[in-house]
Every structure is written in structure tokens, then in C-alpha cells.
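Have a look at the structure first, then read on.

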Amino acid sequence: MAGPLRSRINRNNTTAKPLAAVTDKSVAVEPEGELELYSKEVLNALIKDGLPPTPNNFALYFDRLLEDKSQSARAHIASMLELEESNDAENSIMIEQSLKQGFSYIKNILSITANLYKNMALMTKILEKRKEDLEASGDIKEAKNIATSLGFDIIKLNEIIKKQSSSIKCMYDDTAKIIKNVENETIFDNQYGVYNKRYLMSKIEQEISLIMKFKHKSSLIMIELSRDLKASVANEKAVMLMTKTIARLLLKTSRRSDIVTHYGNGVFVMLLKHTDIESAKKASERLCELVSNSNFFLADREIQLKISVGITDITEDSSVEEIIVSSMDGIEKAYENPKLDYAVLLRKT
């Protein structure tokens with residue numbers, strides 16, 4: 001799971017163990033020699049200057065030393081880095097601009113509403129004034145004139161209110177569109193505190209591009225609360241709490257580079273970068289064991305949690321949808337054998 005979201009969950013790094021280790025040896029055989037040599041140069045510079053080779057320090061030196069390289073070298077390295085870049089910042093700017101526009105509309109709605117109250121208060125005063133005039137006048141003709149004036153005042157106020165109501169409706173519709181657009185651009189699932197499906201799909205697509213370029217191996221695992229367990233509990237609220245517990249365990253045990261997402265309907269997907277199938281199987285095994293050791297209490301009943309996991313690989317010749325379907329099929333395969341908590345399903349090439 002990436003850093004920005006990880007920071008929200010106050011992860012306990014002292015107790016958490018990573019689900020998977022980077023075992024993809026093909027990474028060591030880096031086809032892009034220039035980038036590999038430059039990375040070593042950055043690392044050596046950090047060590048020479050006595051700085052700890054943390055990701056932040058590495059990133060700072062990576063950018064700083066790149067300025068001393070030739071134009072062609074900078075262009076070549078930049079072309080490789082573009083594969084890892086995302087347009088998250090640009091999207092954030094667009095969302096921020098939309099939100100500001102939405103707040104502006106809300107401010108205008110409140111302003112118009114305030115004017116409506118003022119006009120209603122003014123009308124109340126006019127009515128009181130006309131009432132006093134009627135009480136003071138014994139002349140029927142004069143009374144009719146006052147009633148006619150009152151009628152004009154009411155018509156005028158009605159036109160003003162109609163215009164202001166129309167303005168409120170337009171602004172409300174515009175604000176609703178903005179909120180809808182913002183919702184469509186979100187990457188966070190508030191219910192489970194992990195990334196959402198939209199973010200997952202974009203990251204799988206990005207990982208496919210990276211695999212095309214660097215030829216490393218990555219895996220995908222899909223996790224869901226055991227269907228038998230859900231059926232035995234038959235309590236929607238309890239199932240929700242158990243599913244949230246699964247989400248917390250995924251966050252707690254995932255590596256920094258892992259991406260934990262909620263795919264929908266209580267099903268989670270983890271993108272394990274630079275992780276081959278064997279490492280993904282070990283990660284799934286550890287996760288199943290961790291979950292099975294977590295108990296859930298429902299009234300006086302103690303329930304042992306259980307999950308089912310589908311594992312698949314991310315390959316450059318498969319689409320995002322095909323990879324997702326393979327992980328779904330992996331879960332179905334796991335259900336075919338009651339003794340299995342996880343199963344691997346690879347696509348035929």
C-alpha cells in the first residue's frame with residue numbers, strides 16, 4: 001500500500017510482518033543498465049555523505065545528481081521514470097478546483113436563502129402596515145385601495161421569490177454535479193479505510209506497463225470472508241465488522257509497496273509488486289494463518305475468522321479485466337476443495 005494512505009492508518013511497524021518478500025530474481029538482471037548504474041551511483045553518494053539510504057534521501061539524491069548528467073542521459077532516465085509516474089497530483093488539483101467551485105455555489109445558495117428571509121420579513125412588515133391602515137380608515141374605497149396595493153406587493157414578492165428559487169435550483173444542480181464528479185475521482189474507500197476499485201484498476205494497468213518495460217514479476221491476490229462463515233453467522237452487521245477486521249489485518253501486514261484495495265461487496269484485492277507466484281502463495285498462506293488466529297465474538301459465541309484467497313499473476317499480455325477475472329476464478333477454485341484456503345489460477349499463454 002502506498003505511503004500517503006498508509007500514513008492515515010497509523011500502522012504499527014514494530015509488530016507487523018510483511019506478507020511477501022521480494023524474491024523476483026529477474027529484477028537483479030536489469031535490462032536497463034544505465035538506470036541500474038545510476039541508482040548505484042546515487043546509493044554510493046548517499047553512503048559517502050554519511051546519509052542513511054532511506055527512500056526519501058534516495059529520492060532527493062536521485063533528483064540532485066541527475067542534474068549533473070548529460071541531456072541524453074536525463075532524457076533516457078526520465079523516459080523510464082514516466083512509466084511509474086501517475087497523474088495523482090493533477091487529479092488532486094482538479095478535485096480541489098471543483099471543490100472550491102462547489103463551495104462557491106453553496107455560499108451563493110446561502111446568500112440567496114438569506115435574501116429570501118429578508119424579503120419575507122419585509123412582507124410581514126408591509127402586511128402589518130396595511131393592517132394598521134385598514135383599521136385607521138373607515139372609508140370602504142380607501143380600504144379597497146389598500147387591499148389592491150397589498151395585492152401588488154404580494155405579486156411582486158412572489159416574482160422575486162420565484163427568481164431566487166430558480167437560482168437556488170440551478171446552483172444546487174451544479175453543486176450536485178461537482179460532488180458527483182469528485183466522487184468519481186476518489187481513490188479511497190471510506191468504509192474499509194483502503195484504496196477503492198478505481199485506484200486498483202489504474203494501478204494494475206500501470207503495473208502491466210512496468211512489466212512490459214522491466215520484465216519483472218508481480219502478482220494479484222483477491223481475498224474475501226469465507227462464504228460458509230458468512231452463511232453461518234447470518235448477521236449483516238456482524239459480517240460487516242468481520243470484513244472490517246480483515247481489512248485492518250491486510251493493512252497491518254502488507255508491505256509499503258503493496259496496494260490494498262476494496263474491490264466491492266466486501267472483497268479485497270492486493271497488488272503485490274515484484275512478487276512471483278511462489279512468494280504470493282507464501283504471503284497468502286501467512287495471511288490465512290493470521291486471520292484464522294483472529295477470533296470474533298458475537299454475543300456468547302466465539303467465531304474463528306476464515307478467508308478464501310485467489311492468486312494470479314500479472315502479465316504483460318493480459319488485460320486488467322482478464323487478470324481480475326483470474327483472481328476471481330482462483331477464489332472459486334479454492335472453494336472446490338474444503339481443505340484449501342487459497343488457490344492459484346494462471347492464464348494460458
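Predicted model: local features only at pLDDT ≥ 70, side-chain atom pairs only at ≥ 80, totals over all residues.

Residues are numbered from 1 along each chain as its sequence is written, and side-chain values use heavy atoms, with hydrogens and water left out.

**Overall make-up**

- The protein has 11 helices and 9 strands; these are DSSP runs numbered from the N terminus (helices are H or I, at least four residues; strands are E, at least two).
- Of the 349 residues, 38% are buried, where buried means under 20% relative accessible area, exposed over 50%, and partly exposed in between (1.4 Å probe, protein chains only).
- Take the contacts (heavy atoms within 4.5 Å) between residues at least 6 apart in sequence: 71% of them join residues at least 24 apart.

**A nonpolar patch**

- Leu 99, Phe 103, Ile 106 and Leu 110 make a nonpolar surface patch of about 410 Å².
- Patch residues have over 30% relative accessible area and no salt bridge, with nonpolar side chains (Val, Leu, Ile, Met, Phe, Trp, Tyr) joined within 5 Å and like charges within 9 Å; a salt bridge is a side-chain nitrogen of Lys or Arg within 4 Å of a carboxyl oxygen of Asp or Glu.
- Leu 99 sits in helix 5 (residues 88-136) and is partly exposed, at 40% relative accessible area.

**Two helix pairs**

- Helix 2 (residues 33-48) packs against helix 4 (residues 71-81) at about 100 degrees, axes 10 Å apart, which makes the two roughly perpendicular.
- Axes are lines fitted to C-alpha atoms, for helices over the stretch in contact, and angles run from 0 to 180 degrees between N-to-C directions; 65 to 115 degrees counts as roughly perpendicular, under 35 as roughly parallel, over 145 as roughly antiparallel and the rest as oblique.
- Helix 7 (residues 197-214) and helix 11 (residues 320-336) pack at about 110 degrees, axes 9 Å apart, so helix 7 is roughly perpendicular to helix 11.

**A buried phenylalanine**

- Phe 268 belongs to strand 5 (residues 267-272) and is buried, with a relative accessible area of 1%.
- Leaving aside neighbours within four places in sequence, Phe 268 is in contact with residues including Tyr 192, Ile 221 and Thr 243.

Terms used: Areas by Shrake-Rupley, 256 points an atom, 1.4 Å probe, with all protein chains shown as cover.
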